[in-house]
Protein chains: 2
Amino acid sequence: MPEKTLRVAAPGATLEDLPPTPDFDSYPVPAAIIAAAREDDGRILRLDWSDGRVSRYHAIWLRDNASDTDHLNLETREQRGDVTALPKDTRVATASIDQVGALEIGWAAAESVSRFHPGWLYAHDYSNPHHSSPLATDDAAIEPRPWDAETLAEPPTFDGAAFFEDDDLLEAWLTAICRHGIGRLRDLPVEAGTVARVAERIGPLRETNFGRIFDVRVQTGPGSNAYTTAALTPHTDLPTREYQPGLQFLHCLRNSGTGGRAIMADGYRLAAALREADPRAFDLLTTVEWPSSNRAPDSDYRWQSPVIRLDEQGHVLELRVAPFLRAPLAVAFDEVEEVYHVLRLFFEMTAEPSLQMRFDYRPGDLVAFDNRRILHGREAYEEITGERWLQGCYGEREELLSRLRILARRRRAAALDDAEPNSRA
Amino acid sequence: MPEKTLRVAAPGATLEDLPPTPDFDSYPVPAAIIAAAREDDGRILRLDWSDGRVSRYHAIWLRDNASDTDHLNLETREQRGDVTALPKDTRVATASIDQVGALEIGWAAAESVSRFHPGWLYAHDYSNPHHSSPLATDDAAIEPRPWDAETLAEPPTFDGAAFFEDDDLLEAWLTAICRHGIGRLRDLPVEAGTVARVAERIGPLRETNFGRIFDVRVQTGPGSNAYTTAALTPHTDLPTREYQPGLQFLHCLRNSGTGGRAIMADGYRLAAALREADPRAFDLLTTVEWPSSNRAPDSDYRWQSPVIRLDEQGHVLELRVAPFLRAPLAVAFDEVEEVYHVLRLFFEMTAEPSLQMRFDYRPGDLVAFDNRRILHGREAYEEITGERWLQGCYGEREELLSRLRILARRRRAAALDDAEPNSRA
């Protein structure tokens, strides 16, 4: 919850009197600046806060983050110049606290003065990394919780009836996708195109050669095994691209057939299970470049990557695997059989019921999942007994993160308004 | 140029009689298989070719790349099962060369027989990596040539008048973009929307919060410094996203003002120059996470990354930097001043005329560039003296690579038709 304790130095002064911040966010003022002092001949500024905290900022850093209009375009909140526009020997000449509690800095060897919002300074105190920092306070920083059949039997599910009006519902659903990699909306309109309308509440779609929206149903001359009645082994979509789409949305329009249940597995959990069960296999799957290709009469996408990609700290960054898009392996001759062996182990694990969830789609259901974390597949189905029609589209993780930040930003602005009802129009 | 020497074993047999390949490509047959022999109890197959080459393939690899219809969906050219569908102990029981020169394999412990196209086998001979391999023969594998003011004064330029009909022109332009990171088309229609039509000849666009197409001209309430008359320091677009767009297209509709010349710098060349001039600065720029943010009333994109990103082999993968999207730096307190120092060095280098090209836009010009390699900027301009209007859009590198492969594939198919005119309808 946003901090509601607000302090401004002068009686009668309001938050509105504070200087603008270099962003569009609202900042509470949980403590007041009680002293500002130059250190190291003005290259560092020390602030003492009313709650006992002591913060230090470099003059160059303050100058770079100032929101005076010669430095920042207030309309775009973008800097006007690059770093070379900052004086090489930037130093604080004078520092004081003005009557509304803002920090005022006079710059050495310059005419200009900069004012800083105390709440913004408090939130960006990099000298106390155990306190808040821009990363620690990222509203979109939600810890993933890997799951298996025992800990999550169904996708976290939300009533979608009010989806297009309800921001709290949107935020809860997006939070579930961050945490579990998957979230379901129920009782959405059973209308073609709904999948795009839902995804656009987050941000722009990612169009691909399969279109802006794609229809998962039996097609003549199918461009993908997805457009047949075949079973699909759990996979990520488009591992053939440099950038696999971050999000996938599937909306059910019809499902009157037999079979076709969704199969989902958490790649983070799978990777952890494999790492424990067979460290050598895990090492190979995180290092051997497996090639994928997505060939069609008018496109030819190829990429190669380990099936499990790690970041520099050894955490799982993403999975990249679609068993039906295997291109010819081209590793050293003597490695071929071992590589096939570990890939077999991996697929055996994805078929393990204890690591899967399975569920049926109802018309009006929409499932969204992190395509780089969750492997998705389906059971085979019989077209003859009915009709199964899903519409899908892709989006990016970054759009989801941006949307979560905006939703939190609005809550924060509303909370500040509540705390100080007279300070805003 | 495609190989035109074709050999099939039986007189009168044609390429059409050969088995299908696991992809949609056409393969010349530069040598005939003269002997096929089992090794290691059938786990390996040895082929002797008429040109003296000896190739070896693992049984499991052959089985996985077979194009019989129980294994591969010939409509989609996608595998029907994952690796667990392959027998664990896959071995070759019998191997022979049929009358049209195809390899025929009978599988141990299975009823089935697989036929292989000799040209496809020759091209995918992973036992002779100094010969062809899927990677070595990737038509889209074009070596980048870093440039500076001395080696490339203007973007490689092509007459765009026939652009929408001429595939050779398309291929030449895309090749220039791969090689130099930039390519220009001249004398395109001076019509709004042309930029999207041009980009769609490659593949789908990448839509962002700035729209599917964006207008670079003075806007009221601008969402970016790009939409003002300000100078822009060379930068990449959208470093605030997990995935910076790979390609950017800018099409000039009007340019009657003063100033506004384009500034371009090759990030690969810049990185090499910096590595040589100041290895310590290079190390910091490739490791320190610099944060960017792209905040707006309705979106809040953030990312942090080194300014120069290297791959595991130490090659430059991409640059990520937009001086007007600097977010507050949050590194260890004692590193702040040094990080600002090296960032200053970097921007001084981007301002170095010997590492830049500058040019004017003419209405009808379209410049496309690799947004993750080329830094682009512009001089300030005066709106009062005229009007400057560019339309832009984004695409992805992978679409460009796919298009190059398809263009080469068509040339290859045509060459095979020429070489054997009677074999096709």
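Colleague: What is the hand of the crossing in which α5(A) passes α7(A)?

Modeller: α5(A) passes α7(A) in a right-handed crossing, the term for a near helix turned clockwise from the far one by less than a right angle, with anticlockwise being left-handed. This is a predicted model, in which local features need pLDDT of at least 70 and side-chain atom pairs count only at pLDDT 80 or more, while totals for chains, interfaces and linings use all residues. Residues are numbered from 1 along each chain as its sequence is written, and chains are lettered from A and ligands numbered from 1 in the order in which they are written.

Colleague: What makes α5(A) oblique to α7(A)?

Modeller: Helix α5 (residues 267-277) and helix α7 (residues 336-350) of chain A pack at about 125 degrees, with axes 11 Å apart. Angles under 35 degrees count as roughly parallel, over 145 as roughly antiparallel, 65 to 115 as roughly perpendicular and the rest as oblique. The angle therefore makes α5(A) oblique to α7(A).

Colleague: Which residues of α5(A) and α7(A) make the contact?

Modeller: L270(A), A273(A) and L274(A) of α5(A) meet F346(A), M349(A) and T350(A) of α7(A); a contact requires C-beta atoms, placed from the backbone, within 7 Å. By class, this contact of α5(A) with α7(A) has five nonpolar residues, one polar and no charged.

Colleague: Why is α3(A) called oblique to α8(A)?

Modeller: Helix α3 (residues 167-180) and helix α8 (residues 397-419) of chain A pack at about 135 degrees, and their axes are 10 Å apart. That angle is why α3(A) is oblique to α8(A). The crossing of α3(A) and α8(A) is left-handed.

Colleague: Which residues of α3(A) and α8(A) meet?

Modeller: From α3(A) come D167(A), L170(A), E171(A), L174(A) and I177(A), and from α8(A) L400(A), R403(A), L404(A) and L407(A). Six residues in the contact of α3(A) with α8(A) are nonpolar, none polar and three charged.

Colleague: Why is L345(B) called partly exposed?

Modeller: L345(B) has 19 other C-beta atoms within 10 Å and is therefore partly exposed, a term for counts between buried (20 or more within 10 Å) and exposed (12 or fewer). L345(B) is in helix α7 of chain B and touches D278(B) and A281(B), leaving aside residues up to four places away in sequence. The C-alpha atoms of L345(B) and D278(B) are 9.1 Å apart, although the two residues are 67 apart along the chain.

Colleague: What is phi of D40(A) and of D187(A)?

Modeller: Phi of D40(A) is near 50 degrees, a positive value in a residue other than glycine. Phi of D187(A), likewise positive, is near 60 degrees. Most residues other than glycine have a negative phi.

Colleague: How many residues of chain B are in contact with chain A?

Modeller: 73 residues of chain B are in contact with 73 residues of chain A. The largest share of the chain B side, seven residues, comes from α7(B). That side divides into 30 nonpolar, 20 polar and 23 charged residues.

Terms used:
Axes fitted to C-alpha atoms, helices over the stretch in contact; angles between N-to-C directions. Helix = DSSP H or I, 4+ residues; strand = E, 2+ residues; numbered from the N terminus. Contact = placed C-beta atoms within 7 Å. Nonpolar A, V, L, I, M, F, W, Y, C, P; charged D, E, K, R; others polar.
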